Structure formats: C-alpha cells, structure tokens
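Please go through the points below with the model open beside you. Each point takes up one place in the chain.

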Amino acid sequence: MTSSNTPTHKNSVCCFSASDNSGHAGLQADLRTLSSLNLHGCSVVTAITVQNSQQFDRISAIEPTLISEQWQSIRDDIKPTVCKIGMLSNAEQIQQLAKIASEYKGFWIADPVIKTSTEGGIHNAENMSYYRQLFPQLDLITPNIPEAEALLGRPLKTAADIQRAAQDLHALGAKAVLIKGGHQDFDPQRCFDYFYTPEQQSWMSSPRKTVVNKRGTGCVMASAIAGFVAEGKALIDAVVLAHAYVQQGLRTGYQAGQAAGPIGHGGWPEQLRDYPTIGETASYQNRDAFASCNTQHLGLYPVIDSLDWLQKLLQEGVSTLQIRIKDQQGEHLKTSLKQAITLGKQYQARLFINDHWQLAIELGAYGVHLGQEDISVADLDAIKRAGLRLGISTHSEYEWARAHSLRPSYIALGAVFTTQTKPAQVIGVDNLKRWVPLLQQQYPVTAIGGIHFHNIDQVITSGVGSIALVTAITLADNYRQATQQLLAKVENKTATTEALCNAL
C-alpha cells in the first residue's frame, strides 16, 4: 500500500506569460488549463496588465533582470520539460526569450500575442520582426490569422494563403506551425485550423459556435498543447486534444464580470463531439456513415491468414473475423477471397477483408478493414456505395479522429501490447481506457495487438466491446479450447456491458 506521505510526481510546464488581473486570459488561463489536466504549472511573469471583462487599461512590462531571475529559479529546481511563451511586451523581451530558449533543452511553444480580445494593444506589429529571432528555437508556433499576417507582412484571405503562410513560418525556423483559423471568413459555418510540418499537413475543423464567454481561447490552446506534450503525447495528437479541449471550453464558458467571460476548463475532453474533423483540404463534407454492423459490440474478433483457420473458427461459433492474406496475388488471391466470403455468408458471420478493397467490392464481401495508409489511397466512396462495412486501424488521437471524420462502421485501437505478428505502435492500457468510453459513444470499438490469456483481463476492464487477436488462438496447444475460453470471456463481458447499458 502506498503511504500518504509518498511524494507524487507531476509533469511540469513553465509559462512565460502576462498576468491578466481579471483572470480571463493570459497567465491565469494558462495555469487553470494545466491544473485541469493534472499538471504542475509554473510561471515567468512577463508583464502586469490592468484589465477586466470590458476594457484593457494598462500594461507594465517586467524588467529583463527579473525575468531572468524568475526563470533561473524554475530552471534550476523544477526543470520543466515544456515551455510555453505567451505575451512578450517588447523587442527586448523577445530577444531575451530567444537567448533563454537557445540555452535550455526543452519543448518550446510560442503563441505570439498582438492584442487581447478586449482590443487592448499588447505590442505593435513592428515588434513582430524581432519575433523571427525566436523561430529557430521553437518546436511549435501557434499564431491566429492576424498574428500570422503581422509576422509575414501580408494578408491571408484564402485557404491557399494560410497553407503558404505556414510553409513560410516554418522556413523561418519553427519546426511546426499551427495557424488558428477562427478569424477566416472563407467558410462562415466552420473554423479551420491548419497544422504544418514538412512531413505532415492537416486541416482540423469544428462548427462555429455562437458563444459569449470565449475569452482566453488562444492562451488556452497553446497551454493545452504544452500540457499534452508534457504528458508524452506526440505533437499532432497534442494539437488534436487541445482543439477538443478548447471546443469543450467554449461549451462550458462562464461569466465573471459585466461582459464576456472566459472559456471553461473541464480536463481531458471526453465528448466525441468536441474533437475536430480532420481532412486534407479546408472544406467540410457532411459524410454519410458507412453501413452499420448492427451491433454495439463485435465480440471476439480473430484475425486469421488462411481459409483453413477461417473454417475452423467458424465451426467453433466465432461470428466476427478478419482474413488477412499477404502471400497470394492475382487469380489465386481472388479465388481464396471468394471462398472466404462464401464461407462467411454460409455461417452468417461478419467477415472483414483486410486491405483488398477492390476485390471485396467485386466479390460482395460483408466488410473491409483498412490501415491509415490505405484510407489515403482507397476509393472510400466506392466502398460505401457498395454497401460494405468499413473498419479502420488507429494508434493515436490524431488517427482515430481522422477515422471518425470518415464515419466508419467500427474503429480498431492498438497495438495494446507488443505484438508478435508485426511491428506496431504500442498504445498501452491507459490510453485504451481513456479512448474506449469516448469512441463507443458512436462506434463499435475493437482492441487489438499482443492480447493473450495473461493480459486479456486488463483489456476487458477498459469496457471495450470487441477484442481482436491472432496468436492466442493460432499458437495455442488446443485451439478449440482456447477459442471457447476466449469466447466465454469476451462474450460474457459483452453481454454484461449490454445489460448495463440497457439498464441505464
């Protein structure tokens, strides 16, 4: 048993921000965000402001010596892994931060504030030229459209303008760029953010919300990204999570004064509706869902590689399977898949064809399962028109949010554990427990990867309604016994979950 006196460690983020005495934005919003995410927030105050919900009255910059002393005390003791730069008051502070960032090996995020949402000037656009000294030290910069315009000295009117701006900001030295699109007017119904690295580009969008209490959105977005990165998330996943955090906050904002109040702080976002739609272009398509599997839970889901294994498991009463044939091509492959589909129909099973979507359409399969690379090249509309069900493999928040944007029939999460079948990104049980309740608000969810008898109970505790596995059956001394034991374990769990849902 853990003693109550045992120290508990929290990851730390340092915020270089201005104090907002009204508590709506700035440093106060940063620290509330980090606290909401169960992180330790520390700070270097860059300025003192006098403002409230109605007006911005005054700003007083902190002298460079005091900024250095604040930072040194935090650096030498707390050693934050991530640093977030908010409002800097003048060129001298910008140059000072560029030096600090160059000397400290952490993850650096900058939100270049030009003015507050109460329209008070923070620093003029001329100082933005000094900001370029910061760029080579930044892992991410998160300007909104007016800030990106000030940094580059040109207007951004179209989606193409925003894409080019992100490339140019990267060329100035920032490793990654997120241009926040709340100020764009090419789509009055949705807000589009654009994320850019040379390796990955994505548009993330959500419906525009007509809300009054929305102060601090820019501060919160950057500090939430910082917090999720500090928790070990890859940058693109941290951006997706932060987007959802802000959307959640816009739903739960509150009034603290006579005018607009701050957005809310609700912890890790747990509503699927708050996560962004992800696409390759700045356009939104209200997609129809793929055909349904007509069940909330797919149950035991063996992934097998031959007709022999397919027939064996169908005879054992398995009703959901995936056939993954990698060693056949041409007519041989077509013949094997045709026989597999016939067997699946004979046993009224849900049989998914891995990868070979063209043949799955041609042969009238029940469904097809695709990986992340496949959904970029497959004709998804053709699969949908043919009435096939679609399952998609995902390994992170970005990937399942991308899958969710396509409205598939089910979503697979994995690899939960290290797997013997192929190299895979391991997500672990903690992520599974966080993602399953979120995604099962709309989809059947399957856990896959390295699942065996010795760890299946950990997977079951996540509440997942389907468990995919391979070697737990195919390498078992007695596959019949193993299959029946797994069916009893998984299907009993599924039946219990459905009973609870019906009771509610």
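1. Basis. This is a predicted model, in which local features need pLDDT of at least 70 and side-chain atom pairs count only at pLDDT 80 or more, while totals for chains, interfaces and linings use all residues. Residues are numbered from 1 along each chain as its sequence is written, and side-chain values use heavy atoms, with hydrogens and water left out.

2. Length of helix H2. Helices (H or I, at least four residues) and strands (E, at least two) are DSSP runs, numbered from the N terminus. Helix H2 covers residues 64-77, which is 14 residues. The expected span of a helix is 1.5 Å times one less than its number of residues. For H2 that gives 20 Å, and its end C-alpha atoms are 20 Å apart, so the two values agree.

3. The buried face of H2. Ile-67, Gln-70, Trp-71 and Ile-74 are buried in H2 (buried means under 20% relative accessible area, exposed over 50%, partly exposed in between, with a 1.4 Å probe and protein chains only). Seen down the axis, the buried residues of H2 fall within an arc of 95°, so they line one face of the helix; the arc is that of the directions from the helix axis to the C-beta atoms. An α-helix has 3.6 residues a turn, so residues three or four places apart point the same way.

4. What covers that face? The cover over the buried residues of H2 includes strands S1 (12-20), S2 (40-51) and S4 (82-85), together with helix H3 (91-103). After H2 comes Lys-79, with a positive phi near 50°.

5. Ser-336. This residue sits in helix H9 (residues 330-346). Is Ser-336 buried or exposed? Its relative accessibility is 6%, so Ser-336 counts as buried. Leaving aside residues up to four places away in sequence, Ser-336 touches Leu-307, Ile-325 and Gln-328 (contact means heavy atoms within 4.5 Å).

6. Gln-348. The loop between H9 and strand S13 (350-354) holds Gln-348. Gln-348 is not a glycine, yet its phi is positive, about 55°. With 73% relative accessibility, Gln-348 counts as exposed.

7. Asp-355. The loop between S13 and helix H10 (357-363) contains Asp-355. Here too phi is positive in a residue other than glycine, near 75°. Asp-355 counts as partly exposed, at 23% relative accessibility.

8. A cis peptide bond. Gly-414 and Ala-415 are joined by a cis peptide bond, with omega about 0°. Ala-415 belongs to the loop between strand S16 (410-414) and helix H14 (428-439).
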